[in-house]
Amino acid sequence: MNATAAVAAAVVPAAGRGERLGPGAPKALRELGGVPLLVHAVRALTRSRAVGLVVVAAPADGVAGVVALLDSHGLEGKDIRVVAGGATRQESVRLGLAAIPAEVGIVLVHDAARPLVPVEVVDAVASAVRAGAEAVVPAVPLADTVKRVEPVPGGPEPVLDTPDRATLRAVQTPQGFRRETLAGVHAKALAEEGAADGTGLPPVTDDAGLVERFGGRVVVVPGHEEAFKVTRPLDLVLAEAVLARRRAADAY
């Protein structure tokens, strides 16, 4: 892998609404410590020397606004591109990937809703791809016992079994991929979606899941407890506390 190919580009899908945080602005534009989640997430990526380009997939009607937002928070000197995202996360990643120069060989995909990911996690993911892995996810062990249940909307749910917690991990982002691997699985997923016989499979919840679906190998590197996803109001309270601690320690 040549020097240009070894420098990663990152895609940040940020076109979703994030309804679980409640009504208001799209989730990526909700504020944490007075700064939108998206800005925190992009800053986290640009702090890594492994990342040379960040592509943000913004709401289709909000590209100019996101450009102005990033510029207003001191990111105008970074190599950041904003493109129109799609109706789904999968489509937004595909559109972001298309905006990355062909010579870039490593691509990271990061949730805008994970604003506090430490730079060492970004570095570890990129390093593992550079070392030869085709797909890499950061993850942490589970603290809670997990039950697999039979879903029953609105009622008690029968427990089917209890997986061995030692074999389970909670997956985070950024996830890292060889460029050709990520492009290949997205092309296959797009073909599935357009299957005329209606046999297309439902979308997966992360890009590593696409690699798994099509027979690729995914490996795990250590994640970090502060790389949690801000999905519900309580997550935002926790993120504010983490940010305040970092600022008090001059670590942010």
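Predicted model: local features only at pLDDT ≥ 70, side-chain atom pairs only at ≥ 80, totals over all residues.

Side chains of opposite charge can pair when their charged atoms come close.

| Pair | N to O distance |
|---|---|
| Asp111 and Arg89 | 3.1 Å |
| Arg148 and Asp161 | 2.7 Å |
| Arg213 and Glu192 | 3.2 Å |

Start with Asp111 and Arg89, whose side chains meet in a salt bridge. Asp111 sits in the loop between strand 6 (106-109) and helix 5 (119-130), while Arg89 belongs to helix 4 (residues 89-98), so this pair ties together parts that are 22 residues apart in sequence. Are the two partners buried or exposed? Asp111 counts as buried, at 8% relative accessibility, because the cut-off for buried is under 20%. Arg89, at 28%, counts as partly exposed.

Next up is the bridge between Arg148 and Asp161. Arg148 is in strand 8 (residues 148-149) and Asp161 in strand 9 (residues 159-161), so the contact ties together parts 13 residues apart in sequence. Arg148 is partly exposed, with a relative accessible area of 45%, and Asp161 is partly exposed too, at 28%.

Then there's Arg213, which bridges to Glu192. That pair links distant parts of the chain, with Arg213 in helix 7 (residues 207-213) and Glu192 in helix 6 (residues 179-193), 21 residues apart. Arg213 comes out as partly exposed, at 27% relative accessibility.

Key:
Residues numbered from 1 in each chain as written. Heavy atoms only, no water. Salt bridge = Lys/Arg side-chain N within 4 Å of Asp/Glu carboxyl O. Helix = DSSP H or I, 4+ residues; strand = E, 2+ residues; numbered from the N terminus. Buried < 20%, exposed > 50% of the residue type's maximum accessible area, 1.4 Å probe, protein only.
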